[in-house]
Amino acid sequence: MRDHRPQTAAHLLDSDGLTSIQQRAAALSQLNTAVKNHLNCAEHCRVSNYRQGVLIIETASAAWSMRLNYERYQLTLKLREKLLPKLREIEVKVNPTLAAVTIRKQDKIPDIIQKPISNVAAQHLLATAANAPDKVKACLERLAKLAQKNPR
């Protein structure tokens, strides 16, 4: 039976507890690498957990989940052969936050290159600002000042 009483932080961080956490993290990392080597959609999924013969894999979207379900049988056979002989089942879960991480990795947004505003463009902005409402006028005048900072 488990002991569910509160424990001190010192008890949680003792050498045995920390070592077991570190070993589990290393095992999950190794398992994640093995799974990604066998999948076509490796960049859109990751191993989340493994307990009691059930491997839990998170995917970025329902579409990737469906695609992973097609490969589930083959992946189960390969993992049973090489790494997890007690694997009973693979469970696929959708985690939308994984999609955000994937997008940021793939689409590296280039730095914005600010081109200087020409004096002619600044004059047009000031002419437009003359008849504009106060908020728009202030914005247009700020843009026109950029031409003065970067003379051509």
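Buried residues account for 28% of the 152 residues in the chain, as computed from a predicted model. The chain exposes about 11800 Å², and carbon and sulfur atoms supply 55% of that area. Among contacts between residues at least 6 apart in sequence, 56% join residues at least 24 apart.

**Secondary structure**
- The chain contains 6 helices and 3 strands.
- Along the sequence, these elements follow the pattern α-α-β-β-α-β-α-α-α.

**Nonpolar cores**
- In soluble globular proteins, nonpolar side chains tend to be buried together.
- The largest nonpolar core in this chain has 17 residues; Val35, Tyr50, Leu55, Ile57, Leu75, Leu87 and Ile90 have the most contacts inside it.
- Two or more residues of this core come from each of helix H2 (15-38), strand E1 (45-51), strand E2 (54-59), H3 and strand E3 (89-94).
- A second, separate core comprises 8 residues, including Leu125, Ala132, Leu140 and Ala147.

**Contacts of Tyr50**
- Apart from neighbours within four places in sequence, Tyr50 is in contact with Arg24, Leu28, Leu31, Leu55, Leu84, Lys86 and Leu87.
- Among these partners, Leu55 and Leu87 are also listed with Tyr50 as residues with the most contacts inside the largest nonpolar core.

- Arg80 lies in helix H3 (residues 62-82).
- The relative accessible area of Arg80 is 35%, a value between the 20% limit for buried and the 50% limit for exposed residues, so Arg80 is classed as partly exposed.
- Beyond neighbours within four places in sequence, Arg80 is in contact with Pro85, Leu87 and Arg88.

Definitions and conventions
Residues are numbered from 1 along each chain as its sequence is written. This is a predicted model: local features need pLDDT of at least 70, side-chain atom pairs count only at pLDDT 80 or more; totals for chains, interfaces and linings use all residues. Side-chain values use heavy atoms; hydrogens and water are left out. Helices (H or I, at least four residues) and strands (E, at least two) are DSSP runs, numbered from the N terminus. Buried means under 20% relative accessible area, exposed over 50%, partly exposed in between (1.4 Å probe, protein chains only). Contact means heavy atoms within 4.5 Å. Accessible areas come from the Shrake-Rupley method with a 1.4 Å probe; for residues, only the protein chains shown count as cover. A nonpolar core is a set of buried Ala, Val, Leu, Ile, Met, Phe, Trp, Tyr and Cys residues joined through side-chain atoms within 4.5 Å.
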